[in-house]
Amino acid sequence: MANAAEKIREFRAEAKFQRTSPQKAKLVLDLIKGLRVEQALNTVHFSNKRMAPVIEKVLRSAIQNATYVSQEQGLDVDVDNLYVRTAVANEGPRMKRIRPAPMGRAFRYQRRLAHIIVTVAEKKPLNGTSALANSTPAPTAKKSSKKAATTPAKKAAAKKTAAKKTASKKAAK
């Protein structure tokens, strides 16, 4: 039961059938992946891409979903600790269109659609990371000192073997 309480809650929002290719939407979505919600909103707001306002709307919707669900279920979700966990643009159905071509012919082309999905989650502060961070540099320093101690010995051994080879060549002459 304790594991269920510690489970990270995710809140998502979708915008389906958007008139853009998923590749173009991913250019903006890649900018906000992993960012805190406030920073992601600023990034999207000042982006020059045509899909930025749509993605901003989806991001705001995911934040509103988080606040609404937390109020309904009585969860304690801090909006300031939310971050963009996933931001995906999947391919939707393609619209087949025809472009007039010379000599009465027609060329077919496809208008792509995208389904945009943004998921936000709450970032939990970990207290154990500071202790691990402090203990990590000490073993690394020991390893580097071992490497420094073994490196001259290897060089000396290499010199000895080279000297033996030259001595054996002289003796053979």
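## Basis of the description

Two strands count as paired if DSSP finds at least two bridges between them; helices (H or I, at least four residues) and strands (E, at least two) are DSSP runs numbered from the N terminus. The model is predicted, with local features requiring pLDDT of at least 70 and side-chain atom pairs counting only at pLDDT 80 or more, while totals for chains, interfaces and linings use all residues. Residues are numbered from 1 along each chain as its sequence is written, and side-chain values use heavy atoms, with hydrogens and water left out.

## The three-stranded sheet

Strands β1, β5 and β2 form an open sheet in the order β1-β5-β2, with antiparallel pairing. At its edges are β1 (10-18) and β2 (82-91), each of which pairs on one side only. From one strand to the next, the twist averages 15°; axes are lines fitted to C-alpha atoms, for helices over the stretch in contact, and angles run from 0 to 180 degrees between N-to-C directions.

Seven bridges join β1 to β5 (residues 114-122) in the antiparallel sense. Within β5, isoleucine 116 stands opposite alanine 15.

## Helix packing

Helix α2 (residues 22-32) lies across β2 and β5 and runs at about 170° to β2. Contact here means heavy atoms within 4.5 Å.

Helix α2 also packs with α3 (residues 37-45), at an angle of about 145° and with the axes 9 Å apart. Val28, Leu31 and Ile32 of α2 meet Ala40, Thr43 and Val44 of α3. This contact comprises five nonpolar, one polar and no charged residues, where Ala, Val, Leu, Ile, Met, Phe, Trp, Tyr, Cys and Pro count as nonpolar, Asp, Glu, Lys and Arg as charged, and the others, Gly among them, as polar.

## Positive phi values

Most residues other than glycine have a negative phi. Phenylalanine 17, in strand β1, has a positive phi near 60°. Methionine 103 likewise has a positive phi, of about 60°, and is placed in the loop between β3 (95-100) and β4 (106-111).

## The largest pocket

A pocket is an open set of points on a 1 Å grid over the protein atoms alone, where a 1.4 Å probe fits, with protein on both sides within 12 Å along at least five of seven lines; lining residues have an atom within 4 Å of a point. The largest pocket has a volume of about 220 Å³, a volume being the space filled by probe spheres set on the points, which are joined across faces, edges and corners.

Its lining consists of Arg19, Thr20, Ser21, Lys24, Val28, Lys49, Arg50, Met51, Arg111 and Arg112. By class, the lining of the largest pocket has six charged, two polar and two nonpolar residues.
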